Amino acid sequence: TIYTSKISPNRTLTERTDHIRTVCKKHGNPNFHSFNLYYFPSAQATWAPVFKAGSTTWKRFFCDLERRIDSANISEDCNLRELTRFQLFDPTGRHSSRNRTFKTEPEDSPRFTTVRHPLARLVSHYRNSIKPHEVVAQWGIWVRDAIVESRITEIVSRTEKLRLLNEAEKYLRIKNKRSAEDSLTLPEDNPILNPPYATFAELVGYIIRKERNGKNADGHWQPASQWLDICQNEFDYIMKLEDVTQELPYLLSQLNLTDYLGLHRTKANSSGKDSATKSNIEKCLSQLSFAQQVEINDFYKLDYEAFE
């Protein structure tokens, strides 16, 4: 179920944060040691990005706000990395109203973020990842390992494995440089290139293996509850991307940023939202084995519970 709400934004956001506190208390306030928070003086507010949950829109929004104050240090095409100087790295301990506070963040700074159904986030990331240029960009991050672990058996010699990898990487580099109309013969006998991208099942398999090894820290699929460290970095407002139309105006009013509603809308990026339609999610999930479905849902268990 893609969670959504039709209750008033004020009541919805209040009940959501109250519910999260209850869930955190139930689980003993787990600490994931995550510090993905950014304090922006221009807004006098603290934001935490959740990839594939409107983070690009908010990044553009804050880039624009900060550029109005400091145009010399914020470029026209600024990215999240350029905003690193606003990131909070200096926890000071527990404040009376929060488990974790920071030296460079005013105590009364409102904290907010946007979450999204975890499977919608995952499908959105996956569908973006199968574009030729993204296959190349993410090849060394996860795509190569996900494909090789799934398609190359142990009986393949190391020499043959390297040959297949070199051939695949050469093909992908050339394919990425050519236009969509240009034809390029796909080596049919190379399992790494059939298909020339990771399948959704291979991505899920990769995530599950990483989780078992305790190395699953990629923000594109890490559970939002962990990435945000919701039980330590207590948030005042947590919107859902599915309900952003109703909740955004209220949030901006609470942040005293109502005058910038139009600006936020001009920065909106809908590509991720459009790629994770109900039919696309169902199509991706149909590729998973029953065991994979159980494990990926268990992986996102705390997200389901916290953001239901």
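The S-S torsion of Cys63 and Cys78 comes out at about -100°, so this disulfide is left-handed. Keep in mind that this is a predicted model; here the two sulfur atoms sit 1.6 Å apart. A search of the whole structure turns up 2 disulfides, and with bonded cysteines counted along the chain, they follow the pattern 1-4, 2-3.

**Cys63 and Cys78**
- Cys63 has 2% relative accessibility, which is under the 20% cut-off, so Cys63 counts as buried.
- Cys78 is buried too, with a relative accessible area of 4%.

**Cys24 and Cys231**
- Here the sulfur atoms of the disulfide are 2.0 Å apart.
- The pair spans 207 residues, going from Cys24 in helix α1 (residues 9-26) to Cys231 in the loop between α8 (224-227) and β6.
- With a torsion of about -85° around the S-S bond of Cys24 and Cys231, the disulfide is left-handed.
- Cys24 and Cys231 are both buried.

**Strand β5**
- 5 of the 5 residues in β5 (residues 111-115) are buried, so the strand is largely enclosed by the rest of the structure.
- In a regular strand, side chains alternate between the two faces of the sheet.
- Both faces of β5 are covered, with Arg111, Thr113 and Val115 buried on one side and Phe112 and Thr114 buried on the other.

**Neighbours of β5**
- Strand β2 (residues 45-48) runs parallel to β5 and is joined to it by 3 bridges; Ala48 stands opposite Thr113.
- Strand β6 (residues 237-240) also pairs with β5 in the parallel sense, over 4 bridges, and Tyr237 in β6 stands opposite Phe112.

How values were computed:
Residues are numbered from 1 along each chain as its sequence is written. This is a predicted model: local features need pLDDT of at least 70, side-chain atom pairs count only at pLDDT 80 or more; totals for chains, interfaces and linings use all residues. Side-chain values use heavy atoms; hydrogens and water are left out. Buried means under 20% relative accessible area, exposed over 50%, partly exposed in between (1.4 Å probe, protein chains only). Helices (H or I, at least four residues) and strands (E, at least two) are DSSP runs, numbered from the N terminus. Two strands pair if DSSP finds at least two bridges between them. A disulfide is a pair of cysteine sulfur atoms within 2.5 Å.
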